[in-house]
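Open the model in a viewer and keep the sequence panel beside it. The stops below are meant to be selected in turn.

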Amino acid sequence: MARKAVLILNLGSPDTPSVADVRKYLKEFLLDERVIDAPPLLRNLLVRGVILPTRPKHTAAAYSKVWTEEGSPLIVTSQRVQKKVQDHLDLPVELAMRYGSPSIADAIGRLAEKGVEELFIMPMYPHYAMSSYETVLVRVQEEIKAQAPTMTWTVLQPFYKDDDYISALAESSRSYITEDLDKVLFSFHGIPERHMVKADSSHAHCMTTPDCCNVCHPAQSTCYRHQCFETLKALTRKIGLPMGKHAVSFQSRLTKEPWLRPFTDHVLEAFPKQGVKRIAVICPSFVADCLETLEEIEMEGRKQFLAAGGEYFTMIPCLNEHPAWISTLVNRIQDWDQSR
């Protein structure tokens, strides 16, 4: 019987790049109240009446571009990470996705069958957001309550400036950041501005205080944009990248409401007109390459930048299975295990 265990979590992926499987995946994803946080009736009308009739075909085509013989890049990489972490530990290491398979419900069920009493929950999100970190944690809590109510748990906090995480990013990206680059673009996943305000429990700082991300406040413990900027600062210091050699943007906006700016696609199109012709793009919101990095940035972003007059484009891979990243995960698990 295993007394302690680890659960690694990420966003998820459709089972196949077929339109039917993508529609099923998008339905689960977009009906999550922490992703589209509209009232239930409006959310259902928007998702079922507007998005699902059209978007799955387009999204399925995008998934088809990055799908491998083994399956979804995100799932395949996550499984490899799980195995490599497990090889360093005696504790059981489970893997689950917030949406799709392998499911959180199944993972908690397997852990309960093993007699696990203490669980270390590891959301693979460096930064706090209600549509990523918060929703996966809430879903795990729901399944623990339903299937294993005596199981206790500890959660890995957002690791946006964890020294090991920053060092792993630096080590994995250093060879891509060469002297002849004009800029390194830090493209973070975007979220609606409204989510920033909702995550601020004081309701008086985020998006209200001038230069709010740089004014110390308790709200920053759940402030996605502040945490992105802290990752940017820590990583540029670690690799010695001067201020004038980097820029920041936000990608993957979904709705027409105000989202975090500047938008990555707008920045990529504007760069060549500003004399920025040689760039590298890094996506620190993601620890594993997925649709948003491989298709949106590596394929579509590259095409847009070069069509606008750019000359050289390289995407810095996510941490994926990099040894320094595996060591980071193992270190955090051992820290937790030794503290119990």
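Begin with Glu143 and Arg139, which both sit in helix α6 (residues 130–147), 4 residues apart, or about one turn of the helix. Helices (H or I, at least four residues) and strands (E, at least two) are DSSP runs, numbered from the N terminus. Glu143 is buried at 11% relative accessibility, while Arg139 is partly exposed at 23%. Buried means under 20% relative accessible area, exposed over 50%, and partly exposed in between (1.4 Å probe, protein chains only).

A note on the source: this is a predicted model, in which local features need pLDDT of at least 70 and side-chain atom pairs count only at pLDDT 80 or more, while totals for chains, interfaces and linings use all residues. Residues are numbered from 1 along each chain as its sequence is written, and side-chain values use heavy atoms, with hydrogens and water left out.

**Salt bridges across the chain**

The whole structure holds 26 salt bridges. Select Lys198 and Asp37, whose side chains meet in one of them at 3.0 Å, N to O. This pair joins distant parts of the chain, 161 residues apart: Lys198 belongs to helix α8 (residues 193–199), and Asp37 to the loop between α1 (19–30) and α2 (40–51). Lys198 is partly exposed, with a relative accessible area of 43%, whereas Asp37 is buried at 13%.

Next, show Arg332 and Asp162, where a salt bridge spans 3.3 Å, N to O. Here too distant parts of the chain are linked: Arg332 is in helix α12 (residues 323–339) and Asp162 in the loop between β4 (152–155) and α7 (163–173), 170 residues apart. Arg332 is buried, at 18% relative accessible area.

**Helices α4 and α12**

Stay with α12 and bring up helix α4 (residues 73–86). The two pack at an angle of about 55°, and their axes are 10 Å apart. α4 is therefore oblique to α12. Axes are lines fitted to C-alpha atoms, for helices over the stretch in contact, and angles run from 0 to 180 degrees between N-to-C directions. Angles under 35 degrees count as roughly parallel, over 145 as roughly antiparallel, 65 to 115 as roughly perpendicular and the rest as oblique.

Which residues make the contact? On α4 they are Val81, Lys84 and Val85; on α12 they are Ile326, Leu329, Val330 and Ile333. Contact means heavy atoms within 4.5 Å.

**Ser173**

Move to Ser173 in helix α7. Ser173 is buried, at 1% relative accessibility. Leaving out residues up to four places away in sequence, Ser173 touches Ile282 and Ile316.

**Backbone stops**

Most residues other than glycine have a negative phi, and most peptide bonds are trans.

- Ser101 to Pro102: the peptide bond is cis, with omega near -5°. Pro102 is in the loop between β2 (93–100) and α5 (104–113).
- Arg261 to Pro262: this peptide bond is also cis, with omega about 0°. Pro262 is in the loop between β6 (246–251) and α10 (264–270).
- Ser252: phi is near 70°, a positive value in a residue other than glycine. Ser252 lies in the loop between β6 and α10 and is buried, at 17% relative accessible area.
- Asn320: phi is positive, near 50°, in a residue other than glycine. Asn320 occupies the loop between β8 (312–315) and α12 and is buried, at 16%.

**Last stop: Glu193**

Return to helix α8 and select Glu193. Is Glu193 buried, partly exposed or exposed? Glu193 is partly exposed, with a relative accessible area of 26%. Setting aside neighbours within four places in sequence, Glu193 contacts Met207, Pro258, Trp259 and Leu260. To finish, draw a C-alpha to C-alpha distance from Glu193 to Tyr224: the two are 10 Å apart in space and 31 residues apart in sequence.

Technical notes: Salt bridge = Lys/Arg side-chain N within 4 Å of Asp/Glu carboxyl O.
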